[in-house]
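Here are a few exercises to work through with the model open in your viewer. Try each task yourself before reading the solution.

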Amino acid sequence: MAEDEYLLAEDLSHALASAGASVLGPVPTLDEATALISGDTEIDAAILDVNLRGEMIFPVADALKDRGVPFAFATGYDQWALPERFAATPRVEKPFKVSKIGGVLGLLLKATPTG
């Protein structure tokens with residue numbers, strides 16, 4: 001999970017854990033998010049804040065997409081503000097209700113290929 005707002009990251013982390021997820025992160029910067037996903041750690045799904053301290057998360061989203069890892073954006077940005085290549089990417093609009101995260105997580109995990 002990549003989120004730069006501490007309290008929101010904590011709430012999101014707890015919501016994901018309550019939904020049964022093992023949470024990697026949260027990480028507050030693009031560099032930390034890049035490092036987190038570049039390792040050998042298996043990632044089933046990701047929640048990404050679009051703007052981490054002034055840097056857009058799109059390189060991380062591209063890397064996850066290349067690895068076949070489903071993800072959703074947690075953002076206050078409208079859909080039109082996102083690159084066209086992410087038009088089908090689920091979005092959780094900020095401010096979001098923590099209760100919605102479980103549903104988004106379920107949607108992402110259904111998109112995970114089984115091996």
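**Exercise 1.** Decide whether Thr 89 is buried or exposed in this predicted model, and find which residues Thr 89 touches beyond four places away in sequence.

*Solution.* 
- Step 1: Locate the residue. Thr 89 sits in the loop that runs between strand 4 and strand 5.
- Step 2: Apply the cut-off. Buried means under 20% relative accessible area; Thr 89 has 12% relative accessibility, so Thr 89 counts as buried.
- Step 3: List the contacts. With residues up to four places away in sequence not counted, Thr 89 touches Phe 71, Ala 72, Phe 73 and Gln 79.

**Exercise 2.** Work out which way the side chains of strand 4 point, and how many of the residues of strand 4 are buried.

*Solution.* 
- Step 1: Sort the residues. Phe 71, Phe 73 and Thr 75 point one way from strand 4, while Ala 72 and Ala 74 point the other way.
- Step 2: Check burial. Five of the five residues of strand 4 are buried, so strand 4 is largely enclosed by the rest of the structure.

**Exercise 3.** Find which strands pair with strand 4, and in what sense.

*Solution.* 
- Step 1: Take strand 1 (46-49). Strand 1 pairs with strand 4 in the parallel sense, over four bridges.
- Step 2: Read off partners. Leu 48 stands opposite Phe 73, and Asp 49 has Ala 74 as its bridge partner.
- Step 3: Turn to strand 5 (residues 91-93), whose pairing with strand 4 is also parallel and spans three bridges. Here Ala 74 stands opposite Val 92.
- Step 4: Look at the two sides of strand 1. Ala 46 and Leu 48 on one side are buried, and so are Ile 47 and Asp 49 on the other.

**Exercise 4.** Identify which residues touch the most other members of the largest nonpolar core, and which element gives the most to this core.

*Solution.* 
- Step 1: The largest nonpolar core has 20 residues, and Leu 48, Ile 57, Val 60, Leu 64, Phe 71 and Phe 73 touch the most other members.
- Step 2: Assign elements. Helix 2, strand 1, helix 3 and strand 4 each supply at least two residues, and helix 3 gives the most, with four.
- Step 3: Setting aside neighbours within four places in sequence, Leu 64 is in contact with Ile 37, Ile 43, Ala 46, Leu 48, Val 69 and Phe 71.
- Step 4: Keep the other core apart. A second, separate core of 14 residues includes Leu 12, Leu 16, Ala 72 and Phe 96.

**Exercise 5.** Describe where Ala 33 lies and which residues Ala 33 touches beyond four places away in sequence.

*Solution.* 
- Step 1: Ala 33 belongs to helix 2 (residues 30-38), and is buried, with a relative accessible area of 4%.
- Step 2: List the contacts. Not counting residues up to four places away in sequence, Ala 33 touches Ala 2, Val 27, Ile 57 and Val 60.
- Step 3: Check one distance. The C-alpha atoms of Ala 33 and Ile 57 are separated by 8.5 Å, though the two residues are 24 residues apart along the chain.

**Exercise 6.** Characterise the lining of the largest pocket.

*Solution.* 
- Step 1: Take the volume. The largest pocket holds about 420 Å³ of space.
- Step 2: Find the centre. Of its 25 lining residues, Ser 22, Leu 24, Ile 43, Asp 44 and Ala 45 are the closest to the centre.
- Step 3: Classify the lining. The residues divide into 21 nonpolar, two polar and two charged.

Notes
Residues are numbered from 1 along each chain as its sequence is written. This is a predicted model: local features need pLDDT of at least 70, side-chain atom pairs count only at pLDDT 80 or more; totals for chains, interfaces and linings use all residues. Side-chain values use heavy atoms; hydrogens and water are left out. Buried means under 20% relative accessible area, exposed over 50%, partly exposed in between (1.4 Å probe, protein chains only). Contact means heavy atoms within 4.5 Å. On a 1 Å grid over the protein atoms alone, a cavity is a set of points where a 1.4 Å probe fits but cannot get out, and a pocket is an open set with protein on both sides within 12 Å along at least five of seven lines; lining residues have an atom within 4 Å of a point. Grid points are joined across faces, edges and corners, and a volume is the space filled by probe spheres set on the points. Ala, Val, Leu, Ile, Met, Phe, Trp, Tyr, Cys and Pro count as nonpolar, Asp, Glu, Lys and Arg as charged, and the others, Gly among them, as polar. A nonpolar core is a set of buried Ala, Val, Leu, Ile, Met, Phe, Trp, Tyr and Cys residues joined through side-chain atoms within 4.5 Å. Two strands pair if DSSP finds at least two bridges between them.
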